[in-house]
Amino acid sequence: MVKFNLTPTDSEAPLHERLAQAINVLIDAGQFKAGDRLPPHRVIAQQAGVAIGTVTKAIDYLSDRGIVRGEVGRGTFVNAKRSSSPSTGEVDLSLSVPPLYVDEDMFVAAAERSARNVLKIPSGGLYDLKGTFSQRSVMAEWLTKTRVDIDADDLVLCVGAQQAIHMAFSDVKKVSTLIACEAPTFSGAIVAANHLGLELLPVDHDEEGMTPDALDKALAETGCRAVYTVPVCQNPLGFEVGETRRRQILEVCLRHDACIIEDDIYSVHAAKGRLTYKELAPQQVYFLTSLSKCLTPLARVGVMAPPRDRMSSVTKILRAEAFGAPPTALEFGSSLIELGADVIAASALRKEAHARTEMAAKVLKLPSVPMPHGAPHLWLPMSAVDAERLTRRALEQGVRVTPPEATALKGRRASGVRLCILAPEHRDDLQRGLTIIAMLLNDTSAATIV
Ligand SMILES: Cc1ncc(COP(=O)(O)O)c(C=O)c1O
């Protein structure tokens, strides 16, 4: 029988923290291994001589720290160990990488399963550029469950959302060399546009995204016929576009016969419902997403659903760029989803983003944040000079933030700094980084949020 030693290591600590420490000691000692299910709360309560409520709080405490995870209807499981303690080195808030919430056992199981499946794909997968029907079916089911009803036949699988953006931009280039977008915008979209000789047209926004009037004016004045947008947790601004605004934007696009490239990559954090532009106007929208922000970028699996009449053109672009995404990667991503890793990761990510958003708002004393229920990044608006100075001074103090030039559009003066709050593995590291940023913001000679 497992023995929970509740001898206080710190007599000041509340009972649930002492119980959490006792459970953690057993995990460290190998009594419970990664993937093991902990005994039911009732059993732990009996053995530790505490109330069930104390066990629930102790498990929440461990779950908040990524040590265990609850799975609905199945119990509490021990997570694979990551590096055991917060680091004392540089805190990197510059890259939008979510923590990995797939434990080692599940990763290995997905790899094994995908290795077996990939061997059954005929002709090296060269006949099925867009991904095999079975891989596309897994992705279509995943999208239908989480976001938008899509058929496997309407999907192209590719190398991350980045390739999807590049393919969509290449396709719209045939009708428009200008692409309207929020400003600032995702650095990868800027790189893709530059590479293709396209110009990104900045459109003014408010706290809920591009304003319909500004978009209307931009499209009318320039003849631009394509819009790139990140409607959930815009990168880097962090806002979410609600249903009414989506309908208004779409109405403007339809009036100008402009297509929409809908980058839905952060939708795991969506709080304003599941309505997408794709659902509203399937024939007008290139919908794209990937597993990078909701599961893991290690798979590099991207998904695009172009307007149906653009499918053959998009497939030709894919053929010009590659003979499709690696079948091994597509099979691995599909296997992760089939094993339910997406569900586990999504719930853990939402919870973590919520906790970290609250932490950031508190430490930085922000009066409000665009997505209070949780977002992977936060934007601190400030002048370009202040943003550059803050970036430099933060780095001197060991905190790396996304510099303003990464997301800035040519000729735009509005600037700021992006903080990827999900990037540090440990919350304690984030706290350390945020405290340094807060200190620099307090020093008005460093930067002032506008
Ligand atoms: C808005 C947005 N779109 C697309 C991408 C590219 O994602 P992927 O890793 O799937 O290529 C990113 C990556 O940061 C992003 O932030």
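User: In which sense do strand S5 and strand S9 pair?
Analyst: Keep in mind that this is a predicted model. Strand S5 covers residues 178-182 and strand S9 covers residues 226-229. Two bridges link them, and the sense of the pairing is parallel.

User: And which residue in S9 does cysteine 181 stand opposite?
Analyst: We're still with the pair S5 and S9, where S5 spans 178-182. Look across from cysteine 181 to S9 and you'll find tyrosine 228.

User: Which strands are the edge strands of the open sheet?
Analyst: The sheet has seven strands with mixed pairing, in the order S4-S12-S11-S10-S9-S5-S6. An edge strand here pairs on one side only, and that picks out S4 (156-159) and S6 (199-203).

User: What angle does helix H7 make with S6?
Analyst: Helix H7, residues 187-196, packs on the sheet and touches S5, S6 and S9. Helix H8 (residues 212-222) lies across S5 and S6, running at about 140° to S6. For H7, the angle between its direction and that of S6 is about 140°.

User: Which helix gives the largest share of the shell around the ligand?
Analyst: There are 14 residues around the ligand, and among those that come nearest are Gly160, Ala161 and Gln162. By class, the shell has five nonpolar, eight polar and one charged residues. The largest share is three residues, and they come from helix H6 (residues 160-172).

User: What distance separates the centres of domain 1 and domain 3?
Analyst: Domain 1 takes in 15-78 and domain 3 takes in 104-339, while domain 2 is made of 91-98 + 347-442. Taken over C-alpha atoms, the centres of domain 1 and domain 3 are separated by 39 Å.

Key: Residues numbered from 1 in each chain as written. Predicted model: local features only at pLDDT ≥ 70, side-chain atom pairs only at ≥ 80, totals over all residues. Pairing = 2+ DSSP bridges. Helix = DSSP H or I, 4+ residues; strand = E, 2+ residues; numbered from the N terminus. Contact = placed C-beta atoms within 7 Å. Axes fitted to C-alpha atoms, helices over the stretch in contact; angles between N-to-C directions. Domains from an automatic or database assignment. Near = placed C-beta within 6 Å. Nonpolar A, V, L, I, M, F, W, Y, C, P; charged D, E, K, R; others polar.
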